[in-house]
Amino acid sequence: MSLTAEEVLHIAHLARIALTGADVERFTPQLSGILAHFATLAAVDTEGVEPTAHPLPLSNVMRADFVAPSLTQAEVLANAPVREDGFFRVRAVLE
Amino acid sequence: MTDLWRLTAHEAHEKLRAREISAVELTESILARVERVEPRVHAYITLTPELALEQAKDADARFAAGTATPLTGIPVGVKDLIVTKGVRTTAASKILENFVPPYDSHVYAQLRRAGAVMVGKANMDEFAMGSSTEHSAFGPSHNPWDTRLVPGGSSGGSAAAVAAGECLVALGSDTGGSIRQPASLCGNVGFDPTYGRVSRYGIIAFGSSLDQVGPIGRDVEDVTTMLDCISGHDPRDSTSNPEPVADLRHYLGRDVRGLRVGVPKEYFIEGMEPGVTARIEESLALLEGLGCIVDRDLSLPSTEHALAVYYIIAPSEASANLARYDGVKYGFSDHSGGSMWADMEATRAHGFGAEVKRRIMLGTYALSAGYYDAYYLKAQKVRTLINREFEAAFQKYDVIVTPTSPTVAFPIGAKVDDPFAMYLNDVYTLPASVAGLPALSVPCGLSAGLPVGLQIIGNFFDEPRIVQVAHAFERACGFANRVAEL
């Protein structure tokens, strides 16, 4: 499995990571090389085999719905890069 | 007593209990050792000496009041992806360089409750992605046995700190080998418990169906004590398991006669260092000498696929988990983009290191339209096959024994530019991780002067059997509590 530079740029766009030309040159062969090693899986017979998402069969874990103390607004915002009037400040989503 | 840092945690506990030493004296000895060797080891990202001395004073008060536990006053290192309230927690990433958590992780809260003393936050590969600690935004850690070599990873700082005498015992985390492999390379004991045994609440996420916290220490007794402290159900982690927790210390010093040990053929592969092979063969003979029934006829044919399965599933989960680093709520933020999306792309481009970007992209690709079935879904199905083989094996065997790593510690820089060569370090630790099984690495001797680890894999929640075998083996092998002189 060999990736093209365009595919690497597309993946990076999906992952919201800006890449420089040098990044693309470096990552394209590295990612292609890793994917080539994964090709062996295609030959494994998994007909009728259920996928495993989690090692142990816990499902629908519920907890009681009760009111408990949570972090204060100041604590939640303490690490925010930009805050204003008790909110996280972001750039306009719709220009 | 000047060399208190040489003690194991249980030896230190005996002296603390007998009031031969104080917790403040023990902590001061560790802090002096840190001052002397840390410039050469770089085991920590953040040191917390004032906090440590404060906690040590509290510990002495608990000994006076008779409320001490086996970990009261014990200096510990804490991997820097374990969230600690008020103490910077970075996951070794620039993107969290200034992150000060507003809450405690479950495991750190347990350590505090037990009265442990935190020396600092241990170095690691960024977001636990790596096997050498070279992928840290704060620079690599060095192996205390030879500082030109890597300590392994991703919990390399935790293992190096334990081996260098910069703490007595440490917490690491294991996703595909990140506790066991560095423990092996630094001559420590490392214990990755059953998935769900220890709460992941407050653990910075990498691969959520694989991540597990566990201890690294100088002997089996110390990791047993530490695991007892952090194990148990926590409703704040929905994958935390409600299975009852055994008192693991109860399984120390027990006879292992008649226990059935399976040795899978597939773990003796080309590329394994001759010195490692030799130590493992001697270890198997030692186990036989202890009365174990060692069977070399075990075959786990899907072992060869565990690497591909892991390196599809873990990056896929990581690509989702790391989507939260958008430069808005916390962490590094780059506002140079000029628009919301461009800022986010710049934040992630400049906040993440190369290996993290590679894994996010691999995972994004494996989950993307048109490739999901061929990669992610296929990997999950092969994961089922791996699980079934272990399940069948544990019908016949009490434990499965393998090498922990195909090699001893390697030079810094040797594999950092070849991602796949780095991934191969985990070839023996990945299968148990994929299955969610508990596994421990215990030192079994030296190859070319460097430590070799023996891996003991147990059935789900059968930590007791692992402790029993590991402790008996350690006693017979005579390799425990080796601190590197430096």
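A: In this predicted model, the sheet of chain B is an open one, built from eleven strands in the order 1-3-2-4-6-5-10-11-9-7-8. Its pairing is mixed.

Six of its six residues are buried, so strand 4 of chain B is largely enclosed by the rest of the structure. In a regular strand the side chains alternate between the two faces of the sheet. In strand 4 of chain B, V169(B), L171(B) and S173(B) point one way, while A170(B), G172(B) and D174(B) point the other way, and all are buried.

Strands of a sheet pair through backbone hydrogen bonds, either parallel or antiparallel. Strand 4 of chain B runs parallel to strand 2 of chain B, and three bridges join the two; here V76(B) stands opposite V169(B). With strand 6 (residues 212-217) of chain B, strand 4 of chain B runs antiparallel, joined by six bridges. In that pairing D174(B) stands opposite Q212(B).

The loop between strand 5 (189-192) and strand 6 of chain B holds F206(B). This residue counts as buried because it has 27 C-beta neighbours inside 10 Å. Its contacts, leaving aside neighbours within four places in sequence, are F127(B), A128(B), M129(B), T175(B), D211(B), A314(B), A318(B) and N321(B). F206(B) and A320(B) are 114 residues apart in sequence, yet their C-alpha atoms are 9.1 Å apart in space.

Further along the sheet order, strand 7 (residues 260-262) and strand 9 (residues 399-403) of chain B pair in the parallel sense over two bridges. V261(B) has V399(B) as its bridge partner in strand 9 of chain B.

Helix 3 (residues 49-65) of chain B lies across strand 1, strand 2 (75-79) and strand 3 (117-122) of chain B, and runs at about 155° to strand 3 of chain B.

Helix 8 (residues 274-289) of chain B has 16 residues and reaches 23 Å from its first C-alpha to its last, close to the 22 Å expected at 1.5 Å a residue. Within helix 8 of chain B, V276(B), R279(B), I280(B), S283(B) and L287(B) are buried. They lie on the same side of helix 8 of chain B, because they cover an arc of only 100° around the axis. On the other side of helix 8 of chain B, P274(B), E281(B), A285(B), E288(B) and G289(B) are exposed. The cover over the buried residues of helix 8 of chain B includes strand 7, strand 8, strand 9, strand 10 (439-447), strand 11 (450-458) and helix 15 (463-477) of chain B. After helix 8 of chain B comes G291(B), whose phi is positive, near 100°.

Finally, there is the contact between the chains, which takes 52 residues from chain B and 40 residues from chain A. Helix 12 of chain B gives the most to the side of chain B that touches chain A, with eleven residues. The residues of that side of chain B divide into 27 nonpolar, 16 polar and nine charged.

Key:
Residues numbered from 1 in each chain as written. Chains lettered and ligands numbered in written order. Predicted model: local features only at pLDDT ≥ 70, side-chain atom pairs only at ≥ 80, totals over all residues. Contact = placed C-beta atoms within 7 Å. Helix = DSSP H or I, 4+ residues; strand = E, 2+ residues; numbered from the N terminus. Nonpolar A, V, L, I, M, F, W, Y, C, P; charged D, E, K, R; others polar. Pairing = 2+ DSSP bridges. Axes fitted to C-alpha atoms, helices over the stretch in contact; angles between N-to-C directions. Expected span 1.5 Å × (residues − 1). Buried ≥ 20, exposed ≤ 12 C-beta atoms within 10 Å, placed from the backbone. Arc of directions from axis to C-beta.
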